[in-house]
Amino acid sequence: MARAEGANVAHQKESLFFNKSMSGLYVGALMFLSVIIVGVTAYHVEGWKFSDALYMVIITVFSVGYEEVQPVDTHMLRAITMLIIVAGDASKVYFVGSLVQFITEGEIGKAMEEHRKSRDIDTITGHAILCGYGRIGQTLGRELTSKHFPFLILDNNAERVALAQAHGYLALLGDAGEEDTLREAHIERAVVFATVLPSDMVNVFITLTARNMRPDLRIIARAEDPATEKKLKQAGANEIILPAFVGGMQIAHSITQPSLSAILADPGSLLKSDLRDLGIAMEEMRIIPHGVDDRKTVAQIQRDREKGCLVLAIRKPDGTMIQHPSASHRVEADDVVTLLAH
């Protein structure tokens, strides 16, 4: 969220600079046009034809130096000519200066913005690497931002990278299957890696590359074909998500259990509050190495709670999920226990 707010501030500063520069160009152009109009009018009032007056003003303003079409032999004509020379040169200098400022400061601003993004990427740590910024990648970006979880987008499409940056996210242009790109994304400091591209074979290759670079990294991969799940596991993915399968199951639940599905799917529902009113809450508990719960069985954890609890699942450090573990199952350091407790 803070990153998005920072992007909005940067965008506002950029818009302010653009408006200021454009106003300078408009003022310079208006000054130059005013000199021409006033000069032509002055010569015309002194008795010159309109065409001669316009010609005289143009060659004077642009310092061409051709011979006058009519004699400038009165004090008034000479005063008009001198004013046109001074005002014309001044308006030209102002306009050209505004134009140069608009070009140079714009380029400097772009270079500074690129430097800021590069610096943010160089200092990122404890982050998620998301490969692909399509529909699923954009959903991930919004959800991780709402949870204040740092992440970095990788995509080999320049338009999608630009879109991610426009949304205020850190993004790199490159092939996630290349080790150099993953090093640039600081995979050595990442805590989770997700490849959500629409091609299963590309996801397999990216997973294999990431696993070779970080044997201990938690990797989540997207699969369109259920047959690819085995290949992704062999490549090193800890978790495989099949969007089509999950979507189909959700639709089936909506058909067979519409009320329950509506309650669970509604982010604004009062389900959590209702559970709290009953004295029940879903919690996650990380097992601290050498802590009081380290090496305990599920039965011991459930019994040791003051008012009891129910262990629903255990997630291992490598991402493996154990649903409804047996009472004799023994938890280990860095396991994450999901439980229903008073």
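Predicted model: local features only at pLDDT ≥ 70, side-chain atom pairs only at ≥ 80, totals over all residues.
1. Let's start with a word you'll need throughout: a residue is buried when its relative accessible area is under 20%, exposed when that area is over 50%, and partly exposed in between (1.4 Å probe, protein chains only). Residues are numbered from 1 along each chain as its sequence is written, and side-chain values use heavy atoms, with hydrogens and water left out.

2. Now the overall layout. The protein chain has twelve helices and ten strands; these are DSSP runs numbered from the N terminus, with helices being H or I of at least four residues and strands being E of at least two. A contact here means heavy atoms within 4.5 Å. Among the contacts in the protein chain with a separation of 6 or more, 59% are between residues 24 or more positions apart.

3. Next, what sits in the middle? A nonpolar core is a set of buried Ala, Val, Leu, Ile, Met, Phe, Trp, Tyr and Cys residues joined through side-chain atoms within 4.5 Å. The largest one has 27 residues, and Ile129, Leu154 and Phe193 have the most contacts inside it. Two or more residues each come from β1 (128-131), β2 (151-155), α7, β5 (218-222) and α8. Helix α7 gives the most to this core, with three residues. As general background, nonpolar side chains tend to be buried together in soluble globular proteins.

4. Have a look at Leu154. Not counting residues up to four places away in sequence, Leu154 touches Ile129, Leu130, Cys131, Gly132, Leu172, Ala176, Thr181, Leu182 and Ala185. Apart from the 27-residue core there is another core, of 15 residues, which includes Phe32, Tyr43, Ile80 and Ile84.

5. In general, two packed helices are described by the angle between their axes and the distance between the axes. The axes of α7 (residues 200-213) and α8 (residues 228-235) come within 8 Å and cross at roughly 15°. So α7 is roughly parallel to α8. For reference, axes are lines fitted to C-alpha atoms, for helices over the stretch in contact, and angles run from 0 to 180 degrees between N-to-C directions. Angles under 35 degrees count as roughly parallel, over 145 as roughly antiparallel, 65 to 115 as roughly perpendicular, and the rest as oblique.

6. The crossing of α7 past α8 is right-handed, which is the label used if the near helix is turned clockwise from the far one by less than a right angle (left-handed if anticlockwise). Which residues make the contact? From α7 they are Asp200, Met201, Asn203, Val204, Thr207, Leu208 and Arg211, and from α8 they are Thr228, Lys231, Leu232 and Ala235. These divide into five nonpolar, three polar and three charged. In that sorting, Ala, Val, Leu, Ile, Met, Phe, Trp, Tyr, Cys and Pro count as nonpolar, Asp, Glu, Lys and Arg as charged, and the others, Gly among them, as polar.

7. Is Arg222 buried or exposed? Arg222 counts as buried, because its relative accessibility is 12%. You'll find Arg222 in strand β5. The C-alpha atoms of Arg222 and Thr195 are separated by 6.3 Å, though the two are 27 residues apart along the chain.8. Finally, some loop residues. His290 lies in the loop between β7 (281-286) and α12 (298-304), and its phi is near 65°, a positive value in a residue other than glycine. His290 is exposed, at 78% relative accessible area. Arg295 lies in the loop between β7 and α12, with phi near 75°, and is partly exposed at 45%.

8. One more loop, between α2 (50-61) and α3 (75-123), holds Glu68. Glu68 is partly exposed, with a relative accessible area of 40%. Phe62 lies in the loop between α2 and α3 and touches Phe32 and Lys92, not counting residues up to four places away in sequence.
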